[in-house]
Each structure stands twice: as C-alpha cells, then as structure tokens.
Amino acid sequence: MKGWVVPVGVLLFAEISARLFGITSDSLASPSQILAAAWSFLSTGVLFARSAQTLLAAVSGLLIGGGLGLTLAVLLGLIPPLSRLLRFPIEALRPIPSIASLPIVLMIYGFGYRMEIAIIAFACFWPVLIIGQSAIVGIEPRLIEVSRVLGLNFFSRVTKIALPAALPRLFVAFRQAAAVSLVVAVTVEIVMNPQGLGYELMTAQNSLQPALMFAILIYIGLLGWSLNAVLLLAQKHLFAFAAVPRLNA
Amino acid sequence: MPGEALEPSAGGGASANAIVQLRDVSLVLGGRPIIDRMTLDVRRGEFVCVVGPSGCGKTTLLRLIAGLLRPDKGVVTYNGAVVAAPANDVALIFQDYTKALLPWRTAAGNVSLAFEARRTPKAERAPRIKALLDKVGLGEHADKYPIQLSGGMQQRLQIARCLAQGPSVLLMDEPFGALDAITRQTLQDEVLRLAAAEGTSVFFVTHDLEEALYLGDRVVVLRPNPGRIAEIFDVNLPRPRDQLGTREHPEFLRLRRQLFDFIEGHEE
C-alpha cells in the first residue's frame, strides 16, 4: 500500500498544478491529458503493431545473443584452458557500449530488423556470458565429481548436471538480459530504425504531442515491468524443487 | 602404459588376487606433498578400512583410486590396468551426501542418473531403480526430493545410486561421519550385508577407530604430513559381524586397545 503513496501523490500534484496554472507546453502534459491520449491511441490499434515489432526484435535478439552467450559460458565454465585463452579478448570487448556497434552493424545489415536484432543480441550476449560463466564455475564441485565417477560424457555432463545446477543463476542472467533487450530495442528504434515503440515515441515528440509521448513512455515502462513479472513467475514455477518444504532435517 | 608388468606385491598377499594396487604412489598438490610413497593392495572381496588424523591424505587416497586424481609418482592399478580415469564399476560414496545428490531430481531420478550414464535402455531402468531403492529401504520414497529425506535416507540414496553402477569396488569417504549413532550402526550393517552379498571390495575411510575394526578385514593407519602408511592391522573377527557380539569379542577389545595405543604413541 505504502508503495503507492509517492506515485499517486506525484500524479495528483502534476494534475493540480497543470490545472491551476494552465500550463500549455510542447514538452509537458497533465496526467489526464496523457490518459486521454493513451486512450485515443489505444483505439487506433497502432500500439499493438508497434509493440509487436519492438517485442519481436527484443525477443529475437535476446534468444540469439543469450543463446550464444550461454553456449560460450558453458564452454568457458567447464573448460578452464579455454577460459584463460579468452579472458583478455572478452574483457576488451565487453566494455563497448552496445549502441556503439550501431554504425558497424548498420554497414553490414542496413536499416531494418536484422540490424536492430543484431545490436540487441550483442547487448544481451554479455550479461548472459558473464553471469552464466560464474554460475557454471560456481556449481558444487562434488556434483562434477559425481558426474565423472558415474562416467557421464561431456554432453550429458552439460545437460544433466551443469545446466540444471546452474539454472537458478542462469535465469537471473536471462532476466538481466531481457531488461537490456527492451532498453536497446527502444534505443535503436529511436536512433535508427523507423519501427516499433521507440519510433512511435519519436514521432509523438516530432509532432509536438507531449501527452502521447508520455503515454508511450509510461506504456514502455509497464511493458518492461510486466516482462520482468512474467519471468519472475516462471522462475518460481521452474525452480519449485528449491521451495519443497523440508520434512525433518 | 596399461598391462605394464608390476613388481611382486610388497604389501603382503598375492598380487594376482588384488583388485586395486598402489605402488610407491606419491602426490604433490599446490607444492605440498600430500601422499608419500604409499604401497597397498586391496584384495578381491576384501573390506579395507583406512583411519588417520586429518591431513593424512585419506580423501586424496580415495580420489587417486577412483581415478579423479593421478599420482605424480608410482602407479595405481585396477584389475591390473593403470587407472587413468574413473572406471564405471568403481563407485565412490561421498561424506557430504547433501552435495553429492542432485537436488532437482527425485530419489528415483538420482538413481536413474547412474543408469543414464551407462546407457541402460529406458525400459529396463524403472524396475531396476525400484529394486535398488527397495534394497536400501527407500522403496516408499522414490518420488521424494533429497531435501525431503533425512540425512540417513539421503546417504542410503547415494548408496543406491552407487550400487546402480554394479560396482566391483566401493570407495567410501567417511560416509557415516555426519549421521547419528543409531543410523550409523544400521547403515554399517547394511553395507556389510550388501558387500558380502555381492562380493564387493570396499575401501572405507573413517575417523572412527571402532567403526574401522567393526567393518574391516584390515585397518590401515595413516600418518600425516605427508600422508603415508604407518601400520596395517589384520582384523580376524568372525563374520557376519554383530553390533553387540563383535564389539564385545575379546579380539575386538584387544585390537581396539592395540590400535588406540598405536595411534596415541604416534601423536606429536
């Protein structure tokens, strides 16, 4: 309940001050205007098409970048010599801001989804690689010994021991990357790709519609929040074994 | 160099009858000598117990025999061939059963892992898993997760998974150290029964001298820093062993005194 005090207060303050002082601005709008803009925009149906574009790009980039990051994380986590070999290149490439790769990616793929997805994949690759590798390295060493004594081959060791053991932490990496994917998707759309929610946001700004702009902004926030909520829910169901009550320890 | 001719056994007993042999085995880890020139035979069907203070390389010795570690000097052989990697009929039971079980798999799923590793056909697994769980008294708990089982039950589950390997050699690393006295006695008798029934050789590390005498055909006493063999005691007590009868047997009491005196005499 207490969590709502500040947001509701801010909204009320914004609404009251907007009405009292009759602000007309190209950059601000009252909450009621934003709500009205949101409502009229919702009824056009454009929002859903734009959301689908953004989400499709974000999810594709997440799957590609996350998948590559996870594969490399598992290899690096289980094969220490490889990890030592690649430590420097990874540390050198990792600090590059994903959006800085835009000019290069643009040259390769031109405008459009492929460019956007490639940049999102690049951005999602790193958190999954870094958190994933530490998750794999952090697996209970006893489990690795068990897998060796039982004679599991490398593939089974990955699928039956390493991935399930690291899964809770890998999921954290995945959630982190999911948040990144949405941020980068909207950024690329604002800067370069005339599609999706980021583009719609820019259109609203260019056509001096602050109410619509704020409406889309809030919508993007809600979208990110729901994405995380869905993943959190999935996390609870996936790792039910960790929550099984202890009988008599 | 498998099949390399080995010198005649130095540790007593015909080497043809030995299933595991250590010859002048030394190991250095992190610049520190852990094991120093150990020579020892484990005969087929024999129950060998290893005791010694911490830092004497008991656990390392198990890992060497299991093929998880390789010696710097000397050789470890299993069935006459040099041990280079874990053999699939040598099972290792860890002391920390909570860490050795897969928490995301049920009891049946944990046993199944051993069959999956051996590529046992799917149709055969279920009945064999059930038989093994019944054997260790967990038949009713097949669908429970390790965290839902008591310590003794978890250790039984680990034993069931190792039995699924159909082991010729069972390596046990202080398996009952964390269990209460009653559970420990029950499991001691179960292991004796299982090993006798299958003719399994057992290499059993413990810090409990009485446990070593109660279970073993021989008790190997190690000395620390670096770990080496101090003495080997033959335990000539009748089998099957019995928690009351064996522990009151004059020979048990004599050996107990001898073992305690020996270890006390070597403490620095």
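**Stop 1: two helices of chain A**

Select helix α8 (residues 154-191) and helix α10 (residues 210-238) of chain A: their axes come within 10 Å and cross at roughly 165°. Axes here are lines fitted to C-alpha atoms, for helices over the stretch in contact, and angles run from 0 to 180 degrees between N-to-C directions. α8(A) and α10(A) are therefore roughly antiparallel (an angle over 145 degrees).

This is a predicted model, in which local features need pLDDT of at least 70 and side-chain atom pairs count only at pLDDT 80 or more, while totals for chains, interfaces and linings use all residues. Residues are numbered from 1 along each chain as its sequence is written, and chains are lettered from A in the order in which they are written.

Next, colour the residues of α8(A) that meet α10(A), among them A:F171, A:A178 and A:L182. On the α10(A) side, the partners include A:I220, A:L227 and A:L231.

**Stop 2: helix α6 of chain A**

Select residues 113-137 of chain A, which form helix α6. At 1.5 Å a residue, its 25 residues should span 36 Å, and the end C-alpha atoms are 35 Å apart, which agrees. Of these 25 residues, 20 are buried (20 or more other C-beta atoms within 10 Å of their own), so α6(A) is largely enclosed by the rest of the structure.

**Stop 3: where the chains meet**

Now display both chains: 22 residues of chain B are in contact (C-beta atoms within 7 Å) with 18 residues of chain A. The largest share of the chain B side, four residues, comes from α3(B).

Terms used: Parallel < 35°, antiparallel > 145°, perpendicular 65-115°, else oblique. Contact = placed C-beta atoms within 7 Å. Expected span 1.5 Å × (residues − 1). Buried ≥ 20, exposed ≤ 12 C-beta atoms within 10 Å, placed from the backbone.
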